Amino acid sequence: MSNVLILADFVDGKATKSTVEIATAGARIGEVSAVVMAPIGQGAALAATLTQGPITKILIIESDDFAKHGVAAVADALSQVANQSKPDAVLLVSHAFGKEVAARVAMKIQAGIITDAVDVAADCSTTQLVFGGSTTVHSKVSQGISIITVRPNTITADFIAAIPAIENVSVQISENAKKSTITSSQPPVKGGRPELTEANIVVSGGRGTNGDFAAVENFADSLGAAVGASRAATDAGWYPHSHQVGQTGKTVSPQLYVACGISGAIQHRAGMQTSKTIVVINKDPEAPLFELADFGVVGDLFAVLPPATEGVKARKA
Ligand SMILES: Cc1cc2nc3c(=O)[nH]c(=O)nc-3n(C[C@H](O)[C@H](O)[C@H](O)COP(=O)(O)OP(=O)(O)OC[C@H]3O[C@@H](n4cnc5c(N)ncnc54)[C@H](O)[C@@H]3O)c2cc1C
């Protein structure tokens with residue numbers, strides 16, 4: 001039987017939806033073991049949040065080196081588990097941390113790596129979207145274990161109840177992995193909104209907001225959505241760069257993407273065109289983003305969004 005390792009992903013002490021997505025992708029290949037890396041004494045609590053997804057086994061590795069030495073220690077531990085269990089594939093979430101761990105593991109175990117997959121097949125072949133999403137590539141690792149990072153929201157997660165066996169694994173973090181130490185870290189200041197790349201719904205504003213994101217934010221909050229922005233908006237200092245969607249920003253693939261006052265430049269499309277449903281609000285009927293839209297509203301966002309927000313709230317009440 002083929003087997004797959006996934007690196008479980010946690011936010012605020014809870015397993016993320018992306019973890020269920022990579023477990024779902026992994027189960028197409030073989031039995032899924034989720035690796036949980038935790039500070040000493042916290043592994044069981046983290047593992048207990050892995051309640052969903054086709055996960056057969058949870059491997060808990062506890063070490064205070066993960067917090068102290070960061071990505072190097074995590075990659076070191078994951079490489080050791082991969083060397084022991086000889087999986088067909090190792091799947092990780094395609095965020096900056098996941099991709100860095102993946103690259104280090106691939107180097108350590110002399111394996112091939114594919115990043116930003118949007119689909120994974122049973123034979124470990126993958127689909128990627130490149131050149132701003134204009135080209136679809138099918139690729140497969142040709143040497144060693146397939147190390148694959150999977151973009152959030154691109155795999156339909158199988159939320160079946162997970163009843164995994166739990167195993168504690170001990171590893172010795174190598175001296176090489178301890179050569180740099182995290183001396184301090186500041187978690188990002190978070191509002192009540194979901195993380196942009198993981199959100200099911202994203203409402204983005206562009207130059208058409210003229211710097212006033214209140215209507216965009218209110219609409220996003222009514223839907224429980226994350227807020228994105230075009231580069232025109234972030235470059236103008238209207239919204240933080242961390243919220244920029246596009247080629248030089250973040251790639252999102254939500255169930256619903258609402259673009260407000262965004263024209264649809266190729267560089268913006270690159271970051272959002274795999275969204276399942278796209279709604280465009282723009283006062284120019286010729287705006288190129290209407291070509292991608294499932295639903296389009298030709299109108300002033302300041303006139304369209306407030307009643308839409310009230311409408312959503314009324315339906316929820
Ligand atoms: C190398 C490179 C990388 C780039 N990377 C990115 C990237 O990652 N992300 C990104 O977004 N861009 C990126 N860009 C910039 C990109 O080319 C565009 O300039 C940018 O996306 C335009 O942003 P915008 O649509 O908000 O502004 P505009 O193109 O100016 O469009 C504003 C739109 O708002 C509409 N509008 C105005 N007022 C209203 C209103 N009241 N109500 C409704 N609609 C209104 C207008 O009709 C217009 O369509 C990059 C460019 C380069 C060269």
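The centres of domain 1 and domain 2, taken over C-alpha atoms, lie 31 Å apart. Domain 1 covers 3-178 and domain 2 covers 196-316, with bounds from an automatic or database domain assignment. The contact takes 12 residues from each domain, where contact means C-beta atoms, placed from the backbone, within 7 Å.

A word on the source. This is a predicted model: local features need pLDDT of at least 70, side-chain atom pairs count only at pLDDT 80 or more, and totals for chains, interfaces and linings use all residues. Residues are numbered from 1 along each chain as its sequence is written.

Now the whole chain. The protein chain has eight helices and 16 strands; these are DSSP runs, helices H or I of at least four residues, strands E of at least two, numbered from the N terminus. The C-alpha trace spans about 60 × 40 × 40 Å along its principal axes. Of the 317 residues, 46% count as buried, that is, with 20 or more other C-beta atoms, placed from the backbone, within 10 Å of their own.

Next, the ligand. How many residues surround the ligand? The count is 28, and the closest are G206, G208, S230, R231 and G246. A residue counts as near if its C-beta atom, placed from the backbone, lies within 6 Å. α6 (231-235), α7 (266-269), β15 (277-282) and α8 (301-316) each supply at least two residues of that shell. α6 gives the most, with three.

Terms used. Two residues are in contact if their C-beta atoms, placed from the backbone, lie within 7 Å. A residue is buried if 20 or more other C-beta atoms lie within 10 Å of its own, exposed if 12 or fewer, and partly exposed in between; C-beta atoms are placed from the backbone.
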